[in-house]
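Grab the viewer and follow along.

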Protein chains: 2
Amino acid sequence: MRESHIYDLLGSYNLKITPYISFAIDETPHIDFFPVVLKLESPKVVHKSDFGAVQLNINSYDELKNAKETIITNVSAKGILLDSDDRFLAAQMLSGIELYAGLVDDPIFGKTILFGKGGIELELYKDVCYIDIYADEEEIKRAINLTTISKIFHGFRGFEYDIEMAVELIHCVQKLSRDNPEIVELDFNPVILTNEGLKIVDARIKKGEVVVENLGSLRKNRPHFFTNERVALIGVSSDPTKVGYAIAHNALDFTGELFLVNAKGGELFGHTLYKNITEIVGDIDTAVIMIPSCFVVDTIKALIAKNIKNVIIISAGFKESGDFESENIIANLSQHYNFNVIGPNCLGYLESSKKLNATFGIGGLQGGELALLSQSGAVLSALMDKAYDAGIGFSHLVSCGNMVDLDFAQMIEMLNREESCKYISIYVEGIHQGKEFLRAIRESHKKIYIFKTGKSAQSQKAAFSHTGNLSGNYRMFKGLMESVGAKMEDNIEALLFNPFNEIKNICVVTNAGGPATILTDYIVDQGGTLYTLSDEERENLNSILPSNWSKNNPIDIIGDAMADRYEMALEIVSTFKEVDLVYVIITPQCMTDTLNIVKLCEREGAQKIYPILLGGHEMEEAQRYLRSKKIPFFKTLQSATSFL
Amino acid sequence: MRESHIYDLLGSYNLKITPYISFAIDETPHIDFFPVVLKLESPKVVHKSDFGAVQLNINSYDELKNAKETIITNVSAKGILLDSDDRFLAAQMLSGIELYAGLVDDPIFGKTILFGKGGIELELYKDVCYIDIYADEEEIKRAINLTTISKIFHGFRGFEYDIEMAVELIHCVQKLSRDNPEIVELDFNPVILTNEGLKIVDARIKKGEVVVENLGSLRKNRPHFFTNERVALIGVSSDPTKVGYAIAHNALDFTGELFLVNAKGGELFGHTLYKNITEIVGDIDTAVIMIPSCFVVDTIKALIAKNIKNVIIISAGFKESGDFESENIIANLSQHYNFNVIGPNCLGYLESSKKLNATFGIGGLQGGELALLSQSGAVLSALMDKAYDAGIGFSHLVSCGNMVDLDFAQMIEMLNREESCKYISIYVEGIHQGKEFLRAIRESHKKIYIFKTGKSAQSQKAAFSHTGNLSGNYRMFKGLMESVGAKMEDNIEALLFNPFNEIKNICVVTNAGGPATILTDYIVDQGGTLYTLSDEERENLNSILPSNWSKNNPIDIIGDAMADRYEMALEIVSTFKEVDLVYVIITPQCMTDTLNIVKLCEREGAQKIYPILLGGHEMEEAQRYLRSKKIPFFKTLQSATSFL
């Protein structure tokens, strides 16, 4: 598109452009907005700067004439002869703070707007946010405020620019993008911040193939995944080393009807084994399939006759082993007969309200308010172990596997219908249909926590040198998630701890100053707040602690502290009403009685108490004790604060 | 200082300034460098912008006249009447990339230069580096290249600016600063990057009290700390819960002469206990003092008669309990009689070459090539435990305590004279005499690794709104350390692992894809490199692994892998000559035989093999095994990569 045509288009969307005029080669335009920049408008010259076809700082008609001649000379030196189709564009030069706005067509998230610091800083500091073209005003503002440059909208150095100026620009770009789906790239750089609003100084638009927006493309009216009363486990085994044994064993407490299927028949855990699905009388809501992959499709076909609603395929050996065809068949069947599929190649799922643990992860997990979705079975399994040790329970667990059917967006919707679930944590390796994912998070009433891999591989590739390269990367994923209101985690364990830790004020009780100093750094780094002692509270501590205690939080009760001193200190700390988390640091000193100190951490109350055991093997006894009591504890200062 | 006087001063140091002219109020200057900015030069108006005493974008004599009148009107509206002493300054306006250079007088590091991105971005992106005024060219370049804006000196977007331009500017500021010690603050913002070099557009200088540079203030000709053959432990105890027992026990293997002192006499570990120092025949090189603090000064006086060279004061109860006086007395004695003091309030010290462990930390540590200095006894103790478990040995350990005498600079110098030490790791809480610290690191032949606390408390305070606030913070500490060539660590364990891990190529063997993906992110985040398999190596793995292995590094050998498959994979990986580190990820799958897998990690060879055991209690047996064999291992993906 010719630059002047672009400017006309932008103008029609109420986007402000610096004054400009387009004129024929032999024309002398009337200009009342010097200084200007003069640019050649010719389809023969794409990279204008490289051809010397841009001249800056033109202050008068004389200089304009010279500039025109310079450009003609420059391009003809490159072998390009201009004709009457070619034109010039003169645009006013503006100085001021340079911003950036752009649009990309991301393979995952579709049309996405970028906004942030423009000029050469765009590429240097990458201070941009990401905004869905369906984002509402609140989401747009949240996104803008994620950038550092947004400080200029909040009183930085006395600037009085209004964030509404930026919101208005974004709204215009959203409308422009939705009305013109053929626009696949757009770059406004710079956009100058003036008292009359944001003015676009330079614009570039690229049109491309019209990709149909995928919003609304998901299958409607699915059966609700979490309404299953009759569950069949297909492929159970009496061999304790097999998955079919582990799942059957974990599932025994199910409050609904459980059917165990094994082709050889027999008995397991007191249940008669059905040799065939057809032997089961009546419908089956949910089937968990653990048989070799080659039998899976036929089994599903048999289940369709049983009005199946949910199929969980544990079995591996599909896409990940090169068998895409079976996955396609399964996807088509689920579409045609309207049932949900999870997997294949997954760990199973868990639903606490029905005491159904249909996973081959650890058994004996507590119920809870957290739903955890994971794209990796091994990661889920490790998190289940950690949750077991820390006494964290789940409302739902879903191991997603190859995700042949149900995707995150639909699972989020379904979990929103589940009363027992209050928080949703998701371990993501990669998603499809990003717009649906964004919509589901936007509409979710439950807070969502996300950890995503693929950060580095992508960020290495992301050259950020022009807009096309900004897409498909971790930075965009994270930016969009934060805009839409999900919390992105840097640390995988935070998927377990974070939902339960809306920590306001932290207190530290320690027998050593050094580690407490390090911990303070980590706490503040993670956005936590160290509680400030009142004079009265300090006096209370004075009365029971040795005179050389730290007099401040972190409360250093000195290296010779035994359990009795820890106990008195914790007793007083428990009266600090605004403190909701207490770290108890224990370092091995000459006579530290670690076991008795950690026993103090069992204390029930409004405050969470997390012991941090520094040092090696002399802490093992205490660690075993804490594990047996399901009290969360930490062995490094860094891990202790990773969830804040 | 008047702006025109500042410009004159800068010009005399070869600093380039935009063309400017200073003229009296009623004067009409000759200007051939429009457009200009017009500023009032009057001692009555300090904050010119707030008084409307700066006018921009002046293109002609007419506009200059108007601008003068506007300024006079503006300041008289604020009640200020100008007289014949007041002047105007007109300076050329330049456009281009805005840089920043400044100078601060830091309470710790003294005069320090800042350089980086200028304009409003200075405060937004804080993209500046820190340079000592004694830094040489190599150090200056290293510092500049730590900034993001330095990319413009390395071909960013086709820019052809030479870094020498910036180095020249810094050299001029160094000379200016050394010649004019009364300059305590200096701000050049912006400095415009032009083809003729860096041009200063706006300059501010603040003069203040002349502080004497502290370089060269350290005591000379000290006895070398690590040449002690006759060591007295003063205050040993037969009570196993006492420090005096632990140190005596740890020190028994000392290859020199060891004297145990206890006022009551008797015997301990087969040594006769001296009741008094005077009973010891001959001189004492080194005394380790563990008696109550009230006896320490007198004991030191008695030691002076024994020609003491080194005093290590373990005893607490000095500065940290409010007793500054005794510390002063000790400092004065050490100065007057020229002996070294470490402590008080410390854990002791260790010297492997003489098998002297005079600490009350863990015993039985291996010898090694790493010297570790720590300002916290508890942190040192925890690191000693970790090192013991991981089989890492030390050449020297020093617990610094209250640092009444010997400081880091001198310890670095002394360790440079010790052949057995190859690397120096330092845990820092706070330093004095920063210029000496910088000098010692600059002159060190041994690589230095530093972890520093106080990051957050300081960075919270550091408002960064003007140069004065840039000082004394973590950012400056880190910046100067990196400029001078030390490696700053984000993680305290890296003080142990990093010196031995000059890792080039990493290979990952795993039984699960998800954790390997996360690990890859962490590796790349930390600057590590994943080795790329050659076709031949891939073929070799193909021949022994199941067909659905990952075909790439990370080498996913699939969830059903038992020890035999790990062994075959590691056998092939051991032939990858360029790989120097192998992570072995083990996740609990149905039949994983963790213990047999970790036994494979004992393998000797050119490659380090670090097992990562994910999952909870089912890993404990393997962990105990690894600990007993002193094989380093990790329990989280994050900690496994923290030292890279």
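Q: Which residue is the bridge partner of A:Cys507 in β27(A)?
A: A quick note to start: this is a predicted model, where local features need pLDDT of at least 70, side-chain atom pairs count only at pLDDT 80 or more, and totals for chains, interfaces and linings use all residues. Residues are numbered from 1 along each chain as its sequence is written, while chains are lettered from A and ligands numbered from 1 in the order in which they are written. Strands here are DSSP runs of E with at least two residues, helices are runs of H or I with at least four, and both are numbered from the N terminus. In β27(A), A:Cys507 is bridged to A:Val582.

Q: Over how many bridges do β25 and β27 of chain A pair?
A: Two strands count as paired if DSSP finds at least two bridges between them. Strand β25 (residues 506–510) of chain A runs parallel to strand β27 (residues 581–586) of chain A, and the count is 5 bridges.

Q: Which strands are the edge strands of the open sheet in chain A?
A: The sheet has 4 strands with parallel pairing, in the order β26-β25-β27-β28 (chain A). An edge strand pairs on one side only, and that picks out β26 (555–556) and β28 (608–613) of chain A.

Q: What angle does the direction of α15(A) make with that of β25(A)?
A: α15(A) packs on the sheet and touches β25, β26 and β27 of chain A; contact means C-beta atoms, placed from the backbone, within 7 Å. Axes are lines fitted to C-alpha atoms, for helices over the stretch in contact, and angles run from 0 to 180 degrees between N-to-C directions. With β25(A), the angle is about 160 degrees.

Q: Which helix gives the largest share of the side of chain A that touches chain B?
A: The contact takes 58 residues from chain A and 58 residues from chain B. Helices that each supply at least two residues of that side of chain A include α9 (377–390) and α15 (513–525). The largest share is 9 residues, and it comes from α15(A).

Note on methods
Two residues are in contact if their C-beta atoms, placed from the backbone, lie within 7 Å.
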